[in-house]
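Please look over the structure below with its charged pairs, helix packing and surface in mind.

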Amino acid sequence: MLLKSEIGALILRVTLGALFFFHGMAKFQGGIENIVGWFDSIGLPGPLAYGVAGLELVGGIALLLGMGTRILSGVFALLMIGATLKVKLSAGLLGNGQMAGYELDLALLAMAIYLVINGSKLLSVSELIFRKDSDKVTM
């Protein structure tokens with residue numbers, strides 16, 4: 001039973017990490033200055049865009065590797081709450097024809113909360129470094 005839970009957590013961790021990594025990479029590739037301007041236009045400090053994009057990029061890689069899963073997932077959960085409340089809530093769950101809704105944000109939030117609660121030890125760098133029993137996955 002524990003192995004099934006760990007396999008599920010691994011799938012969530014890798015998916016969440018990859019999605020955040022690609023979102024961060026897209027912000028930089030698409031011109032981070034555009035994101036800075038957009039942040040300014042919605043009332044957020046423009047330089048915050050660098051922090052968000054960097055967090056998504058570096059944090060996504062760290063999640064893929066299984067480093068600081070619970071902490072990073074908590075930070076990503078807060079990021080999704082902020083994005084939903086500040087940007088997406090007015091568009092509705094499925095969007096309004098002008099912009100996407102918050103359905104993806106909600107799914108990412110749920111994944112992040114799961115990982116905050118349960119962690120993900122299978123195939124994680126943190127588990128390799130800090131584990132106490134090398135023969136089995138422990139909870």
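At 16% relative accessibility, Lys 27 counts as buried (under 20% relative accessible area, with exposed over 50% and partly exposed in between, for a 1.4 Å probe and protein chains only). This is a predicted model, in which local features need pLDDT of at least 70 and side-chain atom pairs count only at pLDDT 80 or more, while totals for chains, interfaces and linings use all residues. Residues are numbered from 1 along each chain as its sequence is written, and side-chain values use heavy atoms, with hydrogens and water left out.

**Salt bridges**
- The structure holds two salt bridges (a side-chain nitrogen of Lys or Arg within 4 Å of a carboxyl oxygen of Asp or Glu).
- Lys 27 pairs with Glu 56, their closest N and O atoms being 2.9 Å apart; Glu 56 lies in helix α3 and Lys 27 in helix α1 (residues 2-29), so the bridge ties together parts that are 29 residues apart in sequence.
- Glu 56 also counts as buried, at 5% relative accessibility.
- Asp 105 forms a salt bridge with Lys 88, with the closest N and O atoms 3.1 Å apart, and the pair joins helix α5 to helix α4.
- Both partners are buried, Asp 105 at 6% relative accessibility and Lys 88 with a relative accessible area of 19%.

**Helix packing**
- α4 and helix α5 (residues 103-118) pack at an angle of about 155°, with their axes 8 Å apart, and are therefore roughly antiparallel to each other (angles over 145 degrees).

Key: Axes fitted to C-alpha atoms, helices over the stretch in contact; angles between N-to-C directions. Helix = DSSP H or I, 4+ residues; strand = E, 2+ residues; numbered from the N terminus. Parallel < 35°, antiparallel > 145°, perpendicular 65-115°, else oblique.
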